[in-house]
Amino acid sequence: MNRRAFSTLGCPGSGLDEVVRLARTGPCDGVELRCAAGQPTYPGMPETEADAVAAHLTAAGLDIVCLASYVQVAADRADVVEDLAGHLRLAARLGAPSVRVFGGGADQPEGRRDRAVRCLSRAAPLTARLGVDVLLETHDEFLTGERVADVIEAVGSPAVGSVWDAVNPWRAGESPDRTAAVLGPWIRHVQLKDVATPTDLRPVLPGHGNVPLAAVVEQLHRLGYQGWISLEWERAWYPEAAGLDQALTAFHQVLDTLAPPPTGPAPSGRPAHL
């Protein structure tokens, strides 16, 4: 069974004690830390603060599974590589194995793919030295597995992988089997969430929307994916959404239903809404 985590995007403004409490309400033993102003981790935070965060979570038995940055590797800016390097060093200090990045570059579409390749290629030697991977998410201008895979393949570094955000390829018209086929070799982290339609991205409790979560999990099993599955509950952007504790309950119910049994035949039924 894949280990489970959640993103602190779902509990904006919460301190570490609340993060630990939420993890203990269900079988989560990892946390994906959003790296932004006003959060427990933020760009440029002092090493002593980073050490205190890592110690707090370690004492609670929680792994930091990913540092979720907002670096856009295809942005047309001179400081992108430097910005990414700062996040990689912070992740290493925290003991996080990876840094999530976005593609971006919406304001300058010409050359966007090549800028992403150059940025990741320049950062790759540092990722290797630090032992921290950089993971390009299926997001924004790089919604599909096909687009993300194209960039990662061009970089050609084992330290560069992907985050499969389950919603984005689907809303772009890419089926889970297609995403898995093209992105499979590079998937290092998975974010599950649910929404009502490809155009209505307000959070819906996992298993109660129309994202084909069963198909996503089935493809992960087929690939033999052994990494983390994280709930990304976007309450920071949709404050009217249900609390993260309620979303986590639904998340665990979905994964418990879809988990393959250790022996014997596969479960005979799945929730109809999946």
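**A chat about the barrel, its strands and its cysteines**

Q: In this predicted model, how many bridges join strand 4 to strand 5?
A: Strand 4, residues 98-102, is joined to strand 5 by four bridges, and the two run parallel. The model is a predicted one.

Q: Which residue of strand 5 does Arg100 stand opposite?
A: Arg100 stands opposite Leu135.

Q: And is strand 5 mostly covered or mostly uncovered?
A: Strand 5 spans residues 133-137 and is mostly covered, with four of its five residues buried.

Q: What do the strands close into, and in which order?
A: Eight strands close into a barrel, in the order 1-2-3-4-5-6-7-8, with parallel pairing. On average, neighbouring strands of this sheet are turned by 30° against each other, direction ignored.

Q: Why is strand 3 described as largely enclosed?
A: Seven of the 10 residues of strand 3 are buried, so the strand is largely enclosed by the rest of the structure.

Q: What about strand 6 and strand 7, in which sense do they pair?
A: Strand 6 (residues 160-165) and strand 7 (residues 187-192) pair in the parallel sense, over four bridges. Val163 has His189, in strand 7, as its bridge partner.

Q: Which helix lies across strand 6 and strand 7?
A: Helix 7 lies across both, running at about 175° to strand 6.

Q: At what angle does helix 7 pack with helix 5?
A: Helix 5 (residues 145-155) and helix 7 (residues 176-183) pack at an angle of about 5°, and their axes are 8 Å apart. Helix 5 is therefore roughly parallel to helix 7.

Q: Which residues make that contact?
A: Helix 5 contributes Gly145, Glu146, Val148 and Ala149, while helix 7 contributes Arg178, Thr179, Val182 and Leu183. By class, the contact of helix 5 with helix 7 has four nonpolar, two polar and two charged residues.

Q: Changing topic, how many disulfides are there?
A: The count comes to zero disulfides. A disulfide is a covalent bond between the sulfur atoms of two cysteines, and the cut-off applied here is 2.5 Å between those atoms.

Q: Where is Gln39, and is it buried or exposed?
A: Gln39 is in the loop between strand 2 (30-34) and helix 2. Gln39 is buried, because its relative accessible area of 10% falls under the 20% limit.

Q: Which residues does Gln39 touch?
A: Not counting residues up to four places away in sequence, Gln39 touches Thr8, Pro12, Gly13 and Arg34.

Q: Last one: where is Ala60, and which residues does it touch?
A: Ala60 is found in the loop between helix 2 (47-59) and strand 3 (63-72). Leaving out residues up to four places away in sequence, Ala60 touches Val20 and Arg24. The C-alpha atoms of Ala60 and Ala236 are separated by 24 Å, and these residues are 176 residues apart along the chain.

Conventions:
Residues numbered from 1 in each chain as written. Predicted model: local features only at pLDDT ≥ 70, side-chain atom pairs only at ≥ 80, totals over all residues. Heavy atoms only, no water. Axes fitted to C-alpha atoms, helices over the stretch in contact; angles between N-to-C directions. Parallel < 35°, antiparallel > 145°, perpendicular 65-115°, else oblique. Contact = heavy atoms within 4.5 Å. Nonpolar A, V, L, I, M, F, W, Y, C, P; charged D, E, K, R; others polar. Pairing = 2+ DSSP bridges. Buried < 20%, exposed > 50% of the residue type's maximum accessible area, 1.4 Å probe, protein only.
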